[in-house]
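User: Please pick out the packing in this model and walk me through it closely, as one connected story. I'm after who touches whom, and at what angles.

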Amino acid sequence: MSETSYSFLDRLFHRIVLGLPWIQEISLDIDRLVSTGKNQENDGKPVFICGLARAGTTILMRSIYETGFFRSLTYNDMPFVLMPCLWRRISRPFRYRDTEKERAHGDGILVSFSSPEAFEEIFWKTFCRKDYIFENCLKTHSVNDEVIEQFRSYIGQVLNSADNFKQSRYLSKNNNNILRLKTIRKAFPDALIIIPFRDPIQQSISLFNLHSKFYAMHEKDRFSLDYMRWLGHHEFGGVHKQFKFEDNRLFNEKKPDDINYWITVWIRTYQFLLNSAPEKSVFFSFEELCSAPNKTLADLFTFAGLSKEKNSMAEIIIPPKLRDIENIDENLKEQALGVYLALSSRSHESFR
């Protein structure tokens with residue numbers, strides 16, 4: 001949903017609840033005390049989608065969610081994301097009519113208050129923010145066993161809040177999870193981790209353009225800027241922070257208003273993922289999804305133990321127009337294409 005979908009009172013409510021981390025922590029404890037029912041966290045392996053934005057992560061999440069077997073956080077879970085069971089009961093009479101609108105990205109994807117979205121990061125911000133969120137970057141971080149157990153318990157609560165028992169598997173789309181993939185694997189050893197990737201130049205141009213769009217939006221609308229910061233979405237706009245992977249230096253010689261900054265982001269992110277992604281992670285090609293959506297999704301669904309029935313999302317997937325931009329550093333372009341070839345090779349190996 002666009003942040004403009006919220007009324008003045010909605011904005012005030014979100015500002016109070018999301019702007020004070022201790023409220024989220026207390027809400028999690030309250031939910032554990034009052035929620036009842038069978039903990040479903042082991043009823044089916046969860047799916048975690050993560051990578052850089054603009055590689056089809058939302059379409060992929062929606063395709064999997066459409067099967068009906070997954071519970072994912074939605075806009076209806078806001079702002080008490082860490083109180084899924086109790087908040088669902090409390091908010092049911094006050095929920096908005098489920099009208100679809102184009103999301104703020106301006107990419108034609110329609111969302112409503114029942115649409116799944118990347119709100120899981122609020123958990124990690126609540127319990128680990130000092131370990132990975134810094135003034136100018138987000139860093140990879142290790143998570144202790146106590147927090148891992150809290151996360152497992154939290155996912156169980158999310159599943160227990162599902163609208164029906166068919167939704168027995170957890171689905172996450174959270175690009176910041178690339179900072180803690182070893183933790184995700186430790187928390188859920190059988191989890192399916194999917195890492196979408198896209199042609200580096202096209203993905204970098206898309207990131208560059210979206211950063212400019214959101215930066216202009218954030219200059220005019222303080223709430224939209226705060227909203228993304230509360231959610232931990234630092235990918236672009238006025239809240240943008242670069243990733244720092246292990247011992248990689250920060251690349252301050254380039255700025256976000258330079259396309260080569262985003263190509264550098266792409267190279268370092270996917271090189272890091274090639275080297276560190278847990279065993280059995282699936283690298284998923286955006287280009288293959290666009291060129292053969294039904295076959296590509298069918299292969300993924302078979303691998304994930306899902307039905308291969310026709311998926312309506314496949315019908316709306318079309319290859320985006322190729323874009324061009326000036327002043328691309330040829331050396332960076334060559335490096336990026338080399339990483340892309342390695343990703344494509346890993347993608348083909350994933351389903352064997």
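Analyst: Start with helix α2 (residues 21-34), which packs with α6 at an angle of about 60 degrees, the axes lying 11 Å apart. On the α2 side, L28, D31 and R32 make the contact, meeting Q150, S153, Y154 and Q157 of α6; contact here means heavy atoms within 4.5 Å.

Bear in mind that this is a predicted model: local features need pLDDT of at least 70, side-chain atom pairs count only at pLDDT 80 or more, and totals for chains, interfaces and linings use all residues. Residues are numbered from 1 along each chain as its sequence is written, and side-chain values use heavy atoms, with hydrogens and water left out. Helices (H or I, at least four residues) and strands (E, at least two) are DSSP runs numbered from the N terminus.

Now for the sheet. Its 5 strands run in the order β2-β6-β1-β7-β9, the sheet is open, and the pairing is parallel; strands pair if DSSP finds at least two bridges between them. At the edges sit β2 (70-71) and β9 (282-285), each pairing on one side only. Further in, β1 (residues 47-49) and β7 (residues 192-197) share 3 bridges in the parallel sense, and F48 has I193 of β7 as its bridge partner. Helix α6 (residues 145-160) packs on this sheet, where α6 touches β1, β2 and β6 (169-173). The directions of α6 and β6 make about 110 degrees.

Next comes α8 (residues 200-220), whose axis comes within 9 Å of that of α10 (residues 259-276), crossing at roughly 125 degrees. These two are therefore oblique to each other as well. From α8, the contact is made by P200, I201, Q203, S204, I205, L207, F208 and H211; α10 brings I259, W262, I263, W266 and Y270. D199 caps the N-terminal end of α8, with a side-chain oxygen 3.1 Å from the backbone nitrogen of I201.

W262 turns up again as a neighbour of E235, which also touches A53, N175 and H240, not counting residues up to four places away in sequence. E235 sits in the loop between α9 (222-231) and β8 (242-244). E235 and A53 are 182 residues apart in sequence, yet 7.5 Å apart in space, C-alpha to C-alpha.

Helix α9 has its own partner: α1 (residues 8-19) packs with α9 at about 35 degrees, axes 10 Å apart. R11, H14, R15, L18 and G19 of α1 meet F223, D226, Y227 and W230 of α9.

Most residues other than glycine have a negative phi, and most peptide bonds are trans. R54, in the loop between β1 and α3 (57-65), has a positive phi of about 70 degrees although it's not a glycine. M78 and P79 are joined by a cis peptide bond, omega about -5 degrees, with P79 in the loop between β2 and α4 (84-91).

Key:
Axes are lines fitted to C-alpha atoms, for helices over the stretch in contact, and angles run from 0 to 180 degrees between N-to-C directions. The expected span of a helix is 1.5 Å times one less than its number of residues. A polar contact is a pair of N or O atoms within 3.5 Å; within protein, one must be able to donate a hydrogen and the other to accept it, and residues adjacent in sequence count only if both atoms are side-chain atoms. Angles under 35 degrees count as roughly parallel, over 145 as roughly antiparallel, 65 to 115 as roughly perpendicular and the rest as oblique.
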